[in-house]
Amino acid sequence: MIKTIRASKSEKILFIFLICLSIFAFTSFFLLKNKCLFVEKNNLSNLYFNEPNNIAVMNVECGNVIIELYPDISPKTVERFKILIEKKMYDGSAFYKVSENTFVQAGDIEYGNINNLDYSKIGSGNSGLGLLKSELNNDFKFTEGSVGFARTTEFDTEDSEFFITLKEIPIYQGEYTPIGKVVYGLDILTKIKTGNKAIYVLRPDYIKTFRLLNSN
Amino acid sequence: MKILIFFVFIFQISCVNADEIYNLLKIPNLEIYKLKNNNNIRYLSAKGNFKIGINKNITCEEVNINNLNTKFPLIEKNLNRYNSNFLNKIKLKYVVFCENLFISEINTGGIPDIKNRTLILDINFNKKYFERMIHHEIFHMIQNTHIKYFDEDKFSSFNHASFNYAECSTCSNRLNLDQYEKTDGFLTEYSKSIPSEDMAEIFSFLMTDKETIEVKINNDKILSKKVNYIKLNLAKIDKNIL
């Protein structure tokens, strides 16, 4: 007759522990790989805005980034920004220049679209709408979530590229034209792929769509 | 060819440290030293060595913060003599501190860059000439932004007909910065290198030892013409600088 061997109490605990560990390892492998897992998606229907005409919604991989535009501070620049959004020229634009926890930059219409990336020329493209004069403001502080129009080393060379700060950058005050500020979804921008220690990103993340709230 | 460009691009970007200051000034390894000042100059310091310029021919080393803290009051005192309006006109906004500054392997006290509105200063430059060096480099920014006021041919014509400047500032062995006892048209040996260095030397003395220069020009007609030329044209930019 064969006797049944019963597991001791400590063996049972060890067995349960191993099962828990394997479940944890399995879920971690699949869930934690998803960088957007714990990011709030910002459902537009649940949000209220005082000036909806000056709200732009940038949709990226992890959700919606909602930006309030400041036409009172930089009228010409915000006008240009709105035109580029309305013409859907930012759709597919790559975040090719990203400094971890510092800033993200996109908006090269000519060489920075995800469907037509030109790594040798990226950052030097034009929108075809011409250059703008810098609209500098010495009082605007580039705090976390500030949106500014990028330029070359010279002033008055703004075209279509923009950056968003992920931390306060005091040295940018009076240096770049302010466009607006992120009101929701800054944590989404921190998930955008960086170039490790390099300022340029290979195989970058990109803007899926960019729309004005009132055109949605 | 495209593959080659791609690899060159990868190689180049892998060498650049990404940060907000690099994005603005195109100089890596900098950090903010002091931002708020009456004349809006922004002071930055090198937190690591850097190489910039064509073929990376400009090199400078990390700053020792204690060394900088000791020397900063003197630097600030000298730069505070320029108001923000004047600094805007000469395109100076950022002063970068580092140690052991070299351009094409030649040690130098400062390098002005009006394109990036930056003046790089070597805080280890010879103590004896340090204050003068600051104003000397400032003059180069003045001249570069106001070429029409500081015509080198006109300025050279004040010299004896037999005198010739060198082809470039480092092409001669006229490098001594000590003031001549007997000036004879030139304040230092370095003044004899090229016209722009001659002008910069005069300006630096006017900023640091004006009284001595006023005495010297009484007995030196050439120097007197040169000093008056500098003064006259500086007044067109800002009447209160000297």
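In chain B, 59% of the contacts with a separation of 6 or more are between residues 24 or more positions apart. Two residues are in contact here if their C-beta atoms, placed from the backbone, lie within 7 Å.

Before going on, a note on the source. This is a predicted model, in which local features need pLDDT of at least 70 and side-chain atom pairs count only at pLDDT 80 or more, while totals for chains, interfaces and linings use all residues. Residues are numbered from 1 along each chain as its sequence is written, and chains are lettered from A and ligands numbered from 1 in the order in which they are written.

How confident is the predictor? For the complex it gives an ipTM of 0.73 and a pTM of 0.80. Chain B has a mean pLDDT of 88, and 90% of its residues reach 70 or more; pLDDT is the predictor's confidence in each residue, from 0 to 100. Over residues 4-17 of chain B, though, the pLDDT is below 50, and this stretch has 17 contacts in the model beyond near neighbours in sequence. Where pLDDT is low, the predicted coordinates should not be read in detail.

Chain B, then. It has 9 helices and 8 strands. Helices (H or I, at least four residues) and strands (E, at least two) are DSSP runs, numbered from the N terminus. Of the 242 residues in chain B, 34% are buried. Buried means that 20 or more other C-beta atoms lie within 10 Å of the residue's own; exposed means 12 or fewer, partly exposed is in between, and C-beta atoms are placed from the backbone.

Which residues have the most contacts inside the largest nonpolar core? They are B:Val95, B:Val96 and B:Phe97, in a core of 49 residues. A nonpolar core is a set of buried Ala, Val, Leu, Ile, Met, Phe, Trp, Tyr and Cys residues joined through C-beta atoms within 7 Å. Among the elements of chain B that give two or more residues to this core are strand S2 (42-46), strand S5 (94-103), helix H5 (130-145) and helix H7 (195-208). H7(B) supplies the largest share, 7 residues. The core lies between domain 1 (16-131) and domain 2 (146-242) of chain B, because both give residues to it. Domain bounds come from an automatic or database domain assignment.

For another part of chain B, look at B:Ala166, in the loop between helix H6 (152-156) and H7. Is B:Ala166 buried or partly exposed? It is partly exposed, because 14 other C-beta atoms lie within 10 Å. B:Ala166 and B:Val95 are 71 residues apart in sequence and 30 Å apart in space, C-alpha to C-alpha.

Now chain A. Its domain assignment gives domain 1 (7-38) and domain 2 (44-215). The centres of these two domains of chain A, taken over C-alpha atoms, are separated by 41 Å.

Chain A has an open sheet of 8 strands in the order S3-S4-S6-S5-S7-S2-S1-S8, with antiparallel pairing. Two strands pair if DSSP finds at least two bridges between them. The edge strands are S3 (97-99) and S8 of chain A, each pairing on one side only.

With strand S5 (residues 146-149) of chain A, S6(A) pairs in the antiparallel sense over 3 bridges, and A:Gly148 has A:Phe163 as its bridge partner. In a regular strand the side chains alternate between the two faces of the sheet. Both faces of S6(A) are covered: A:Phe162 and A:Ile164 on one side, and A:Phe163 and A:Thr165 on the other, are all buried.

Last, a loop residue. Where is A:Tyr206? A:Tyr206 is in the loop between helix H3 (186-189) and strand S8 (209-212) of chain A. It counts as buried, because 22 other C-beta atoms lie within 10 Å. Beyond its neighbours within four places in sequence, the contacts of A:Tyr206 include A:Gly92, A:Phe95 and A:Ile114. A:Tyr206 and A:Gly107 are 99 residues apart along the chain, with 9.7 Å between their C-alpha atoms.
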